[in-house]
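Work through the exercises below with the sequence and the model at hand. Each task is followed by a stepwise solution.

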Amino acid sequence: MLAELISSQLVRTVVLGAALLGAIAGMLGAFAVLRRQSLLGDALAHAALPGVCLGFLIAGARDLGSIMAGAFFTGALAALAMMAITRTTRLKTDAALGIVLSVFFAVGVVLLTYLQGVGGAASAGLASFLFGQAAAILASDLWIMGGVGLAALALVLALWKEFKLVSFDADFARAQGLPVTALEATLTVMVALAIVVGLQLVGVVLMVALLIAPAAAARQWTDRLGVMVALSAAIGALSGAGGALVSATTRGLATGPVVVLIATAAVLVSLMLAPGRGLIWQALAARRARARITEARILRAMQELAQAHGDARYPSEQGMLAASLGQPPDPRNFAALERRGLIRAVPHPPETTRHWELTTQGHDAAAAPDAERGR
Amino acid sequence: MIAAFFDSIPAMIVLTGVLVGISGALLGSFLVLRGNAMLTDAISHSIVFGIIVVWLLTRQLAGPVQLIGAAAAGVLTVVLSEALARSKLVKMDAAIGLVFPALFAAGVILIALYARDVHIHVDTVLLGEIGFVWLHTVTLWGVDVPVSVVTLGAVLAINLGFVLVLWKELKLASFDPGLAAALGFLPGVLHYALLTLTSVTAVAAFDAVGAILFIAFVIVPPATAYLLTRRLWLMVVLAVALSVAACVAGYALARHWNVSIAGMMASMTGVWFVLALLFAPRRGLVSQALRARARRRDHDCRALVAHLFTHQNSPQMAEENTLRALIDHLGWPEPRARAAILRAHDRALVERRAGLLTLRPKGVAEAEAIFGRRGA
């Protein structure tokens with residue numbers, strides 16, 4: 001089944017295109033997420049709709065080149081409008097994003113219905129730009145997408161140091177004399193480019209997820225920008241290719257939503273499993289920290305008992321110790337302490353319950369509880 | 001007369017739009033002030049998921065169950081986004097951008113797989129079908145009223161009641177959440193109440209305007225009103241008025257050009273916004289530019305007076321108090337220098353005496369004010 005799919009020329013084109021798109025969006029989205037401009041991608045993607053219609057209107061046909069040019073034009077216009085609104089009015093960024101997103105999209109809807117009214121069959125495919133339709137992709141489109149991807153990659157490599165600085169500490173970059181506004185504009189323009197590339201496959205509505213999800217997933221696994229950008233591009237490429245394959249096998253399933261769900265699944269896995277940061281790791285670390293504290297308290301309580309009785313090898317009863325700490329006895333805490341050679345089990349006839357005494361190391365550890373807790 | 005009104009298709013379409021607009025503007029005013037505008041974006045996308053899930057479970061496309069169930073998806077988006085941001089693993093903006101596309105994508109896939117035959121079509125999700133609201137009617141007191149109008153009317157009543165009853169609390173929580181919390185007004189509860197109502201309104205408006213155009217009705221008129229006034233009550237009233245105007249004008253233009261009615265109504269809210277951005281009294285771009293120009297001209301006048309005063313009755317007067325000196329020494333372009341002299345002349349600050357620019361008494365007084373009566 002899979003081999004049959006791969007051998008089909010159309011499916012190969014679609015999968016290659018989707019992987020290409022995922023890589024571009026993943027790479028550029030990493031910078032957008034780090035700069036806390038994730039939702040700008042959403043606004044720019046919605047703003048591409050009127051551009052798609054304008055490109056169609058001017059070219060008079062479903063020509064990918066002019067549609068991409070149109071989408072890029074209105075996307076850039078939307079970015080400018082965002083800047084104008086936030087710089088000249090008291091409106092906050094979120095309101096500016098909402099205004100740009102909804103008004104540009106509304107104009108796009110008006111143009112779309114206008115085209116459907118006058119254009120008839122030729123414009124029927126335009127609605128597929130809402131959610132993407134991978135099947136409509138042509139082998140020649142891959143060259144356009146590849147060209148855009150290479151240009152973006154070259155720009156990122158050429159301006160790597162500058163982009164890094166602007167992403168993490170724009171104020172410092174400005175103090176160093178870097179043209180921060182121009183660099184930020186370049187990054188925004190590149191996000192618009194990624195969106196334009198994704199229009200045909202994912203569509204304007206869900207494009208934002210392809211920018212954010214791979215980057216958010218990659219961020220969990222590393223603290224290094226280079227690794228994050230590469231990983232983000234890889235996750236994007238895999239999500240794209242996987243989504244294209246799934247949607248090619250099911251009739252009537254648009255590519256965009258499937259790609260988005262796969263990328264989201266990558267985020268969920270990363271949030272859970274990423275070493276150090278992931279939720280499971282956090283939970284484990286929290287449990288270990290709790291056990292360390294309980295063990296330190298047990299040691300100290302035993303030492304106090306020993307001192308009170310003037311007997312360094314005083315046998316403490318396990319249940320009583322736990323009760324004095326105000327929690328149910330957990331044998332695992334005692335087992336852990338015994339394993340580390342800090343306490344030793346001792347018989348205390350005629351009682352049959354477990355009794356413990358501190359070893360010499362145990363006395364040392366109890367006297368330095370902070371050192372013990374910091375282990 | 002009433003029956004005739006409810007039988008009129010154009011009246012019903014405009015009324016539907018107006019109800020969406022007013023409901024959205026009432027809530028949107030506070031969302032814009034609180035900086036939560038993009039949560040509207042998240043909510044309106046993810047109710048698509050709620051609508052299809054409720055339909056799969058109950059096979060209902062309208063009614064209170066559907067309204068509440070679908071609205072729950074909107075609230076879920078907000079809760080999930082905020083939980084994700086609280087985990088500190090991703091920032092708030094990325095959290096919003098992760099949650100709602102996922103729910104929206106799931107909704108679109110469910111529609112494609114299981115609901116292709118019902119009237120939830122993927123295009124409807126985005127565009128709405130305000131032109132067909134009159135097709136589904138219920139009979140109320142012997143009059144056929146579109147279902148959407150009844151639902152939206154009820155939602156509007158709830159929103160209006162919410163805003164009027166909790167006006168003081170909303171106002172305080174929007175402008176000073178810290179004080180609101182300190183006074184025991186539970187801003188968190190208010191926050192979720194506001195977003196729940198936004199979700200309910202989004203679901204009610206879904207049939208008419210779709211998921212995305214709804215954002216325009218919630219955010220744009222309040223943001224426009226925000227540019228026009230600093231008073232909260234006036235902002236809300238203006239936002240409502242702008243919505244109504246956008247619906248009426250949008251309907252007329254949409255009929256004229258034969259384009260999407262909901263799209264045109266939403267576009268008109270954008271037109272109002274651009275007009276306000278440009279022409280708002282005092283804060284509009286045009287009036288900002290005019291003020292900047294007036295300031296520049298005043299400054300030139302003062303610089304000219306100061307220059308003349310410095311050299312008045314000095315040996316260099318013959319050289320300095322001329323048009324040439326302004327051009328050569330102050331580096332002004334000639335038109336700017338000529339304009340400054342003309343303006344200073346009109347203001348009775350300077351006069352031309354024996355070919356030299358000389359300060360008149362008013363000009364001397366102004367120069368002394370500039371230099372702090374030096375030498376006096």
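**Exercise 1.** State how the radius of gyration of chain A stands against that of a compact globule of 375 residues.

*Solution.* The radius is taken over C-alpha atoms, and the globule rule is 2.2 Å times the number of residues to the power 0.38. For 375 residues the rule gives near 21 Å, but chain A has 30 Å. Along the principal axes, the C-alpha atoms of chain A fill a box of roughly 100 × 60 × 35 Å.

This is a predicted model, in which local features need pLDDT of at least 70 and side-chain atom pairs count only at pLDDT 80 or more, while totals for chains, interfaces and linings use all residues. Residues are numbered from 1 along each chain as its sequence is written, and chains are lettered from A and ligands numbered from 1 in the order in which they are written.

**Exercise 2.** Determine how α11(A) and α12(A) are oriented to each other.

*Solution.* Helices are DSSP runs of H or I with at least four residues, numbered from the N terminus. The axes of α11 (residues 207-221) and α12 (residues 225-249) of chain A come within 8 Å and cross at roughly 130 degrees. Axes are lines fitted to C-alpha atoms over the stretch in contact, with angles from 0 to 180 degrees between N-to-C directions. Angles under 35 degrees count as roughly parallel, over 145 as roughly antiparallel, 65 to 115 as roughly perpendicular and the rest as oblique. α11(A) and α12(A) are therefore oblique.

**Exercise 3.** How many residues of chain B are in contact with chain A, and which helix gives the most?

*Solution.* With contact set at C-beta atoms, placed from the backbone, within 7 Å, 51 residues of chain B are in contact with 49 residues of chain A. Helices that each supply at least two residues of this side of chain B include α3 (37-58), α5 (92-114) and α10 (187-228). α5(B) gives the most, with 13 residues. By class, this side of chain B has 35 nonpolar, eleven polar and five charged residues. Ala, Val, Leu, Ile, Met, Phe, Trp, Tyr, Cys and Pro count as nonpolar, Asp, Glu, Lys and Arg as charged, and the others, Gly among them, as polar.

How values were computed: Contact = placed C-beta atoms within 7 Å.
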